[in-house]
Amino acid sequence: MSLSDPDRELVTAELGRDPTPTEAALFENLWSEHCAYRSSRPLLSAFDSESDQVVVGPGDDAAVVSVPDNGGTEDSETYVTMGIESHNHPSYVDPYDGAATGVGGIVRDTLSMGAYPIALADSLYFGGFDREHTRYLLDGVVEGIADYGNAIGVPTVGGSVEFHDGYEGNPLVNVACVGLVDGERLVTAEAQAAGNKLVLVGNATGRDGLGGASFASEDLAEDAETEDRPAVQVGDPYSEKLLIEANEDLIDAGLVQSARDLGAAGLGGASSELVAKGGFGARIELDRVHQREPNMNPLEIVLAESQERMVYEVRLEDVDDVAAVAERYDLGCSVIGEVAEGNYVCTFEGSEPGERETVVDVPAEFLADGAPMNDLVTVEPPEPERNPPDVDVEAAFEAVVGSPNAASKRWVYRQYDHEVGTRTALRPGDDAAIVALREAGTGLAISSGAVPAWTDCAPYDGARAVALENATNLAAKGATPLAAVDCLNGGNPETPDVYGGFSAVVDGLADMCRELSVPVVGGNVSLYNDSVAGPIPPTPTLAMIGTKAGYDAPTAELDGDGALLLVGAGSDALGGSELLSQAGGTDRFPTLPENAPEVVATLADVADADATLSVHDVSTGGLAVALAELLTADAGADVAVDDAVSLFEETPGRAVVETTDPESVAEAFDDVAPVTRLGTATDDGSLSLDVGGEELTVDADRVAAIRGVLDEALD
Amino acid sequence: MRTRNDDGFRGYDTNCRFPPQEVVAVTVAVVQFGGSNCDRDAVRALSHLGVDAERVWHEDGLPEDTEGIVVPGGFSYGDYLRAGAMAAHSPIMNAVRDAAADGVPVLGVCNGAQIGCEAGLTPGAFTTNASARFQCEYVHLRIENADTPWTAAYDEGEIVSVPIAHGEGRFEIANDRYDDLVADDRVLFRYCDADGNVTDDANPNGSKGNVAGILGQRETVAVLMPHPERASLPDLNRSVDGRGILQVFG
């Protein structure tokens with residue numbers, strides 16, 4: 001890759017001369033799809049990113065949202081940061097390091113805001129589970145996330161794992177991070193004053209990850225695993241952990257004026273964006289950067305994507321203190337230059353002693369924000385025909401409940417330390433995690449995911465369903481949605497039907513989030529997710545947080561003593577369902593409720609009622625999977641439904657509620673959504689289903705065996 | 001690289017806001033190495049029990065009035081070389097050994113247990129899990145000897161529920177030394193099932209004899225792989241079985 005001719009012409013016109021090689025490389029990377037969102041930014045205006053709770057919206061390293069106070073240990077207002085990042089291409093080429101560095105990057109985005117990282121959630125998408133290569137990628141990605149996240153002491157509390165043939169050759173690794181901060185400690189990535197020093201803290205710079213941003217903006221070729229390995233960085237969680245602690249000390253002492261982590265396009269990206277945001281330029285001496293390898297040239301220094309590095313804007317009088325903190329944690333530290341009026345200028349030692357060569361001299365804003373947007377053609381995808389399969393209930397139950405998408409993900413989350421931090425009140429494996437924010441006395445619920453089969457079937461409605469599904473996950477634990485970040489993954493946008501699907505996904509996600517009054521405060525876009533197997537399904541990962549008073553919540557495990565109700569309106573449409581994936585056939589996507597906010601709010605109230613014993617959201621695999629997941633060795637269910645479609649259809653915005661007071665639930669949902677009496681919970685640990693007269697009984701051991709496909713195949 | 005002044009402290013200028021911290025009020029020192037990550041959790045759990053605990057950066061040394069020491073979990077020095085090996089040779093561990101010899105209670109948890117073994121405070125070693133994977137989950141432990149400061153809150157044979165989170169927790173020791181440990185009643189906890197049966201199925205990591213925690217030469221020194229500090233806070237609405245172990249410091 002090199003700077004395209006039209007871009008080169010623009011740059012030459014702006015500068016009034018040809019760009020230097022270092023400038024050309026900077027523009028190539030910062031104007032890449034990965035950094036500049038050239039194809040997606042025109043679509044992103046669809047999102048509402050404001051609410052009374054939003055403190056910092058999109059455009060910074062991470063978003064900042066104010067958390068409702070429920071009587072906590074701190075007097076000051078409690079904020080959380082949210083960020084999400086994709087590490088798709090690196091994770092295909094080198095699953096372990098690609099995924100690990102994805103975690104590292106999003107954690108440093110959290111540090112940039114002055115926050116301490118308190119939770120991670122990963123949404124992972126792979127090709128068909130029956131393929132050996134898929135298992136190799138899954139194994140490497142999970143181990144990479146585990147080794148990095150566990151070592152830095154940030155619990156991985158949630159996420160999702162999906163398998164779909166469309167990801168064969170191009171898996172997705174989307175990592176979200178939540179951090180904790182308050183008004184006093186909050187910093188942003190906006191340079192504050194000319195004359196302040198720019199201080200680089202962290203690992204020494206080597207020749208790693210050169211051109212990573214432009215690598216992330218290309219299709220993956222067949223030989224990518226060998227050809228592109230040098231573009232993947234290697235992570236060092238030990239340095240990251242030291243950086244977390246050093247950052248905390250720097251923030252404690254008020255030494256940071258602004259901060260940005262070094263990610264895509266390395267030092268050049270971070271420093272130019274930081275000063276551009278404040279309306280400044282910079283004077284940077286690239287040879288002052290502490291380096292790991294000899295004889296690095298200016299282009300390599302400015303673009304290398306060596307991990308675990310932060311750039312801080314520091315007042316002159318604080319520079320020694322910053323250096324002392326870095327030394328305490330054995331971190332490298334160099335004063336590389338300063339914020340300045342005028343252009344973004346980088347110099348390097350010249351060929352003659354004492355001489356300095358100017359290698360970059362460009363307007364910072366032009367570099368950071370000057371990339372032209374692509375105006376691409378979209379073609380709307382067709383709606384599928386109604387041609388559902390004939391269903392044998394028993395075979396379908398085994399196939400759907402035992403499908404890798406619906407199966408237990410314990411094999412995955414057992415490898416993640418989800419307890420460190422002693423805040424995890426509700427662990428992975430439930431609808432949402434709950435993290436105790438004792439500072440505010442508030443439980444923070446986190447849900448993250450997307451269902452590719454839904455958006456593959458119906459990009460617009462499927463994406464609306466993804467938003468509603470995440471909100472329902474939170475509500476099922478009694479939490480009220482607060483904000484979300486998205487990670488929009490798509491194929492090559494220059495293909496009209498691929499871009500059409502992607503564009504519909506963006507609109508669908510934006511519309512449902514707006515309907516639910518959930519501001520989308522930040523995100524990430526990853527395009528060119530194409531491989532020899534074709535484009536991926538458009539995949540709008542949404543990480544949504546919600547809040548509740550206290551940290552207690554009903555679990556998704558039956559108690560055994562209550563009546564079982566299904567709340568929310570179903571549908572006879574099977575489009576996007578796991579049943580169709582297993583049994584074949586096509587169908588249209590279910591119709592979503594018109595009053596989604598009322599359904600979500602009512603479910604949150606019901607979940608927190610004293611009479612509620614357990615609550616579980618209905619999603620992939622429909623009621624069949626929800627009931628199977630609710631089963632324990634001691635508690636079962638006796639349930640009757642009208643037909644097989646009711647058992648397997650996946651309309652979002654529904655939940656199974658076990659309660660000792662079914663009348664109150666019906667009353668709460670009066671005029672909001674239908675409440676269907678499914679049956680009763682029992683104390684025998686088996687699931688008895690009456691499906692329109694056809695009977696099926698399975699015990700907890702059998703269900704555990706069916707749901708244990710990941711454990712069985714991978715251990 | 002780090003430079004040192006003649007007085008042994010690192011070369012900060014004296015006006016720096018980050019001089020090596022003199023912690024005077026601490027009674028329980030939670031030793032923080034680079035890469036430790038359960039130090040805050042240990043302080044939180046101890047504080048909840050009313051114990052005056054504070055994180056102590058390893059280079060700052062133990063405060064003079066240290067009345068108890070916790071070496072917390074994490075990945076000290078990134079687990080490079082071998083889990084706990086680097087930290088075991090850091091200067092503060094000399095001070096910890098001296099304090100232990102003086103009868104100051106010392107508890108090593110998870111990475112702290114690995115460090116404790118590497119530093120010779122306790123026998124044996126904790127090495128790679130039989131699964132060769134990191135495992136984070138709740139386990140059942142059977143109290144093997146209730147007649148120690150660490151287990152006085154429990155009854156012998158009692159079953160408690162505490163989480164583990166480690167990739168290298170498999171206890172290994174030479175057979176004769178294992179026999180000595182058992183004969184001396186220095187096994188504190190064994191992994192068991194919900195009914196207290198010590199079985200292979202209930203052994204999460206392949207530890208010899210399902211051993212999860214042991215005593216050092218003195219009964220005031222103990223290490224264990226499970227995390228008592230993670231099962232101590234009632235507001236998380238689950239097991240607080242780990243509190244008894246931490247009550248030594250109260």
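**A nonpolar patch and its surroundings**

Author: Met86(B) is located in helix H2 of chain B, which runs over residues 85-88. This is a predicted model, and everything below should be read with that in mind. With a relative accessible area of 38%, Met86(B) is partly exposed, and together with Tyr80(B) and Leu81(B) this residue makes a nonpolar surface patch of about 330 Å².

Chain B also carries a patch of another kind, namely a negative one, to which Asp147(B), Glu156(B), Asp176(B), Asp179(B), Asp180(B), Asp184(B), Asp185(B) and Glu219(B) contribute. One of these residues, Asp185(B), is placed in the loop that joins helix H5 (175-183) to strand E9 (187-192) of chain B, and its relative accessibility of 40% puts it in the partly exposed class.

Two further loop residues of chain B can be set beside these. Ala132(B), in the loop between strand E5 (125-127) and strand E6 (135-143) of chain B, has a phi near 60 degrees, which is a positive value in a residue other than glycine. Ala132(B) is exposed, its relative accessible area being 58%. Met225(B), by contrast, is buried, with a relative accessible area of 0%, although Met225(B) too belongs to a loop, the one between strand E11 (221-224) and helix H6 (243-246) of chain B.

As background, most residues other than glycine have a negative phi. Tyr37(A) sits in the loop between helix H3 (33-36) and helix H4 (41-44) of chain A, and at 18% relative accessibility Tyr37(A) counts as buried.

The charged pairs come next. Side chains of opposite charge can pair when their charged atoms come close, and over all chains the structure holds 52 salt bridges. One of them joins Asp261(A) to Arg108(A), whose closest N and O atoms are 3.5 Å apart. Because Asp261(A) lies in strand E8 (residues 258-261) and Arg108(A) in helix H6 (residues 95-112), both of chain A, this pair ties together parts that are 153 residues apart in sequence. Both partners are buried, Asp261(A) at 7% relative accessibility and Arg108(A) at 1%.

A second bridge in chain A is formed by Arg292(A) and Asp208(A), with 3.0 Å between the closest N and O atoms. This pair also links distant parts of the chain, 84 residues apart, since Arg292(A) belongs to the loop between strand E9 (281-285) and H12 of chain A, and Asp208(A) to the loop between strand E7 (197-202) and helix H8 (212-215) of chain A. Here Arg292(A) is partly exposed at 46% relative accessibility, whereas Asp208(A) is buried at 17%. The two residues are members of a salt-bridge network that includes Arg207(A), Glu293(A) and Glu300(A).

In chain B, Glu144(B) and Arg142(B) form a salt bridge in which the closest N and O atoms are 2.6 Å apart; Glu144(B) counts as buried at 14% relative accessibility, and Arg142(B) as partly exposed at 25%.

Arg108(A) leads on to the database record, in which an unreviewed UniProt entry gives the annotation "binding site" to residues including Arg108(A), His89(A) and Gln307(A). His89(A) is part of helix H5 of chain A, residues 88-93, and is buried with a relative accessible area of 2%. Gln307(A) is placed in the loop between helix H12 (298-303) and strand E10 (309-314) of chain A, and it is buried with a relative accessible area of 7%.

Finally, two helices of chain A can be considered whole. In helix H2 of chain A, residues 21-30, nine of the 10 residues are buried, so this helix is largely enclosed by the rest of the structure; Phe27(A) and Glu28(A) are among the buried ones. Helix H22 of chain A, residues 622-630, has eight of its nine residues buried and is therefore also largely enclosed by the rest of the structure, with Leu623(A), Val625(A) and Leu630(A) among the buried residues.

Definitions and conventions
Residues are numbered from 1 along each chain as its sequence is written. Chains are lettered from A and ligands numbered from 1 in the order in which they are written. This is a predicted model: local features need pLDDT of at least 70, side-chain atom pairs count only at pLDDT 80 or more; totals for chains, interfaces and linings use all residues. Side-chain values use heavy atoms; hydrogens and water are left out. Patches are made of residues with over 30% relative accessible area and no salt bridge: like charges are joined within 9 Å, nonpolar side chains (Val, Leu, Ile, Met, Phe, Trp, Tyr) within 5 Å. Accessible areas come from the Shrake-Rupley method with a 1.4 Å probe; for residues, only the protein chains shown count as cover. A salt bridge is a side-chain nitrogen of Lys or Arg within 4 Å of a carboxyl oxygen of Asp or Glu. Lys and Arg count as positive and Asp and Glu as negative; His and the chain ends are not counted. The place of a charge is taken as NZ of Lys, CZ of Arg, CG of Asp or CD of Glu. Helices (H or I, at least four residues) and strands (E, at least two) are DSSP runs, numbered from the N terminus. Buried means under 20% relative accessible area, exposed over 50%, partly exposed in between (1.4 Å probe, protein chains only). UniProt positions are given in the numbering used here, feature names are shortened, and annotations may be inferred rather than shown by experiment.
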